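Please open the model in your viewer and keep the selection tool at hand. The tour below moves from one selection to the next and says what is found at each stop.

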Amino acid sequence: MRRAVLITVPYLWLLALFLVPFLIVLKISLSDYALARPPYAPQLDWNEGWAGVRAFFSGLDIENFIFLTTDDLYWKAYLSSLRIALISTVVTLFVGYPVAYAMARAPHEWRPTLLMLVILPFWTSFLIRVYSWIGILSTEGVLNQFLMGIGVISEPLTILNTNWAVYIGIVYTYLPFMILPIYAALEKLDESLLEAAEDLGSTRFAAFWLVTIPLSRNGIIAGCFLVFIPTIGEFVIPSLLGGSDTLMIGKVLWEEFFSNRDWPVASAVAVVLLLILIIPIVLFQRSEEKAREAAK
Amino acid sequence: MAEPVFAPWNDPAAKPLIQFKGVTKRFGDFTAIDDLTQDIFECEFFALLGPSGCGKTTLMRMLAGFEEPTEGQILLDGRDIAHVPPNKRAVNMMFQSYALFPHLSVYDNIAFGLRREKKSKDEVHARVQEMLRLTRLERFAARKPHQISGGQRQRVALARSLAKAPKLLLLDEPLGALDRKLREETQFELMDIQEKTGTTFIIVTHDQEEAMTVATRVAVMNEGKIAQVSTPDVIYEAPNSVYVADFIGDVNLIRGTAKARPEAPEQAVETAVEQSPEPIPTPQPTPAAAPTAAQQTAPQPNDIGRVLHDRVLSPIFGKWIDDEQRRLPPPSKAEDSTPAPAPSPPPASVQPAEVKSAPDIPAGGLAIHWADGQPPVIAANGDPAMAGQSVVLSLRPEKVSIAKERPDAANTLRGKVIDIAYLGNISTYHVEIEGGTMIKAQAANTRRIARRDITWEDEVWLSFTATAGVVLMDA
C-alpha cells in the first residue's frame, strides 16, 4: 500500500507536468493557424456535445508537419542544432572527464571542496553568467585585451556572435552536468584494478583505456545525455552569444511562437524535436538491456 | 633413505630466485622496511607473516613493482628489478580484494594478461582453457565476477595471475575473504596448484595457521625487519625471540632470572643428550665452576659451587657432594605427600623430586627463578651462556599437562582453574599459580565433556618436562 502511494505520487506529477502539456502541444501542432485568440483552430466546443467533438477531430490534420518538410529552414535548423549539440557534448566530455578524474583522484579531504566549486556557478543566475561572457568575448572584451596585452595577437579576434561563442557558452554552462556523473563513477573505481591491469602487463595508458574508461562508461553516458538533450533545444546561449548565421532549432521555435505567432507550426517543430530526442534514447536503452540480458 | 627434503636454503650451491640486498623503504619519516636482506629460492612457498604495519605488504608491493625501494637492490634471477615497472616484470600478483575487472567475464579476466602479450587468439584460448581447468572454473567462463561466489572469485583471481606463467606469484592475503572451512580447503588447493605449476609463491598473511599450513618457509616480520625465517616447525618449536614465540600460536611466557644447572654427571649425560636438542652446554666459567669440577672426579666444589649445590641443585637431585653416593635412597612416604618438606629450607623449591624421577630430568641447562616463593623452573635445554641474565621461558600450552594429582615431572606447579575455553577437540585451562601468574594448559578432550573431572575453581597440578619450553633472552 505504502509502496503504491510512493509510486503514484511521482507518476501523477509526471502526468500533470509532462504528458498533459505534451498532449496540448500535440493538439496545437495538428491545428490550423487562425487570426483569433488563441491563434489556432479548431477549438473544442463542449456545448455542442458529440457533434462538437467530431467537428473538432475532423479539423485536425498533419498539414504543419508536411509544411516543415517543404521549407529547408527547418531541417537545416534541426541538423545545425544536432551538430552544435554533438560537438559541444564531445568538447564538454573532453574538458569534463579530466576534471572529474582529477577530482576523484584528489586527496579525500579536498573532494567536498572541489565538488562545491563545481556546483558554485549555479548560485548565480544563468542569464547573468551568459551575459558576462559577452563582456569577456567581445572585440573590446577581457579576453582580447589580455591576448593583445601579452602580445599573442595584434588584431582583436571576432569571437562574439559566431558559433565559437556558442560553443564556449554551452561548454561552460553544461560542464557541471558532465563532471558530476563521471566523478560519481570514477570515485567508486577501485585503484587496485589499475594496479592489477599494470601487473598483468598493461602500460598505464592501456590500463586507463581498458579499465578506467569502461568502468566510468555509465557516468560518461549519463553526462552526455545531460548535456546533449538540453543543448539541442538551447535558446538563450545562441541568441545572446551567437550570430545571425547561428541556426538552432530553439531560436526557430521562438521566432515561430513570438514573431510569427504561428502556434501550430511552432508546436509541430517542438513535437519533431521531441521525437528526434526520444527515439535514439529509447533505441539506446533497448540495446543496453539486450547487452545486459546477454551477459546473464 | 627417505626422498631428499626440499630445502634449497640449506644448500650453499643453490641459486636464489629472489634476493633482497639491504633493502630499505621509507615513506617520509616512517621506515616501512629496514635494511632487509633475504634470499628466496625457486619453487618455494614463502610466507611473510606479521601483524598489520610490520612491512610485509610493502615488501610484496616492492616485488610487484608498485613501490620502489629507497635503498638496496632486489634481484630476480640475478637481475636488479628494483626500478622496473610492474608491467615489465615476470611477476604477477593476486590481490587481496582480487581486483577482478567487473566489466569483463571470467574468461576475459583470465585472458587479460595474455592479450597484452600480443599472443595469437588460439594461444590465448588454449592457455585460458588450461587455467579454467586448473581452477575448475570451466562452467563459469562466461559469467561476470558479480555472478559467482567468493570462492570462485578467489580462483578466478588465482587463474588470472597464473595465466602468464610468472616466475614468481605474489599472494596478498589470498584467503582473507573466505570463511574458515573454504579457507582450509583452498589452502590445500593452493599448495596443490603451486606444486603442479612449479611456480615460486610468496604469500603475505597475518594468519599464522595459514602460513604454517602452506609454506615451505615462514618469515616472521616485525617493524620492517625479519625476526626469524625458518620452516614452520622450527618457527613454532624453536622461536629465536620472545616476539616470534608470542606471535606464533598460543604461549605461556615465564619471565625470570636464569641460573646455570650443573653439567650432567657422567651417567646422566646420556639422558641429557637424548632429550635436549641443544648441544651439551659447555662448562661456564664462574657459576658453573663447581659442576665442571664435579664432572671430572667429583672433588669438593668451591664456595659458589657449594651454595649452588645446597640451595638449587640438591632439592632436585638430592645431595650428592657430601655423601659419595649420588643416587639417593628412594624418598620417604612423608616427603612424597607433603609438598613443602622440611629438609630444604629455601623457597619450597621444585618439588623435591621424588628421586625416582631424578634420572628423567636431564642435567645441565638452566633453572629459572621466576617468582618468590615458587620453585625455579628447570629448562634443561637452556643455553648456560644465559646464566645470570633475565630470560623468558616460552612454553606452549599443549606441552603443559594438567592433573588433579601431583604428577611425576621435572616441573610441577600448583594452581587453581580460573577459566576453561572449550574448543571442542581440546580445552584450554587458564590456571592461576599461587602468586597470581596465569598459565595456560591444553588437554585433548578424549572423554565426553560431562565426564571431565577438572572444572572451575579446582586445585590442580600443572606439569611439564625439563625440555618442554624454550629459553629466550628477555627483550
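**Starting with chain A**

Begin by selecting residues 78-284 of chain A, which an unreviewed UniProt entry annotates as "domain: ABC transmembrane type-1"; UniProt positions are given here in the numbering of this structure, feature names are shortened, and such annotations may be inferred rather than shown by experiment. Before going further, note that this is a predicted model, in which local features need pLDDT of at least 70 and side-chain atom pairs count only at pLDDT 80 or more, while totals for chains, interfaces and linings use all residues. Residues are numbered from 1 along each chain as its sequence is written, and chains are lettered from A and ligands numbered from 1 in the order in which they are written.

Over residues 78-284 of chain A the chain is 76% helix and 0% strand, with its end C-alpha atoms 20 Å apart. Helices (H or I, at least four residues) and strands (E, at least two) are DSSP runs, numbered from the N terminus.

The unreviewed UniProt entry also places "transmembrane region" features in chain A, among them residues 82-102 and 164-186. Select residues 82-102 of chain A, and you will find a span that is 100% helix and 0% strand, whose end C-alpha atoms lie 30 Å apart. Residues 164-186 of chain A are likewise 100% helix and 0% strand, and their end C-alpha atoms are 30 Å apart.

**Two crossing helices**

Next, show helix 4 (residues 72-105) and helix 11 (residues 217-232) of chain A, whose axes come within 9 Å and cross at roughly 145°. Axes here are lines fitted to C-alpha atoms, for helices over the stretch in contact, and angles run from 0 to 180 degrees between N-to-C directions. Among the residues that meet are Ala85(A), Thr89(A) and Gly96(A) in helix 4 of chain A, and Gly223(A), Val227(A) and Phe228(A) in helix 11 of chain A, where a contact requires C-beta atoms, placed from the backbone, to lie within 7 Å. The residues of this contact divide into 8 nonpolar, 7 polar and no charged; Ala, Val, Leu, Ile, Met, Phe, Trp, Tyr, Cys and Pro count as nonpolar, Asp, Glu, Lys and Arg as charged, and the others, Gly among them, as polar.

**Where the chains touch**

Now display both chains: the contact takes 18 residues from chain B and 15 residues from chain A. Which elements give two or more residues to the side of chain B that touches chain A? They are strand 6 (91-94) and helix 2 (106-116) of chain B, and the largest share, 3 residues, comes from helix 2 of chain B. By class, that side of chain B has 9 nonpolar, 5 polar and 4 charged residues.

**Strands of chain B**

Moving on to chain B as a whole, you can count 12 helices and 20 strands. Strand 14 (residues 390-395) of chain B is joined to strand 20 of chain B by 4 bridges, and Val392(B) stands opposite Leu472(B).

Finally, select strand 9 (residues 217-222) and strand 10 (residues 225-230) of chain B, an antiparallel pair with 5 bridges. Val218(B) has Ser230(B) as its bridge partner, and in this hairpin, which has 2 residues between the strands, Glu223(B) takes a positive phi near 50°.

How values were computed
Pairing = 2+ DSSP bridges. Contact = placed C-beta atoms within 7 Å.
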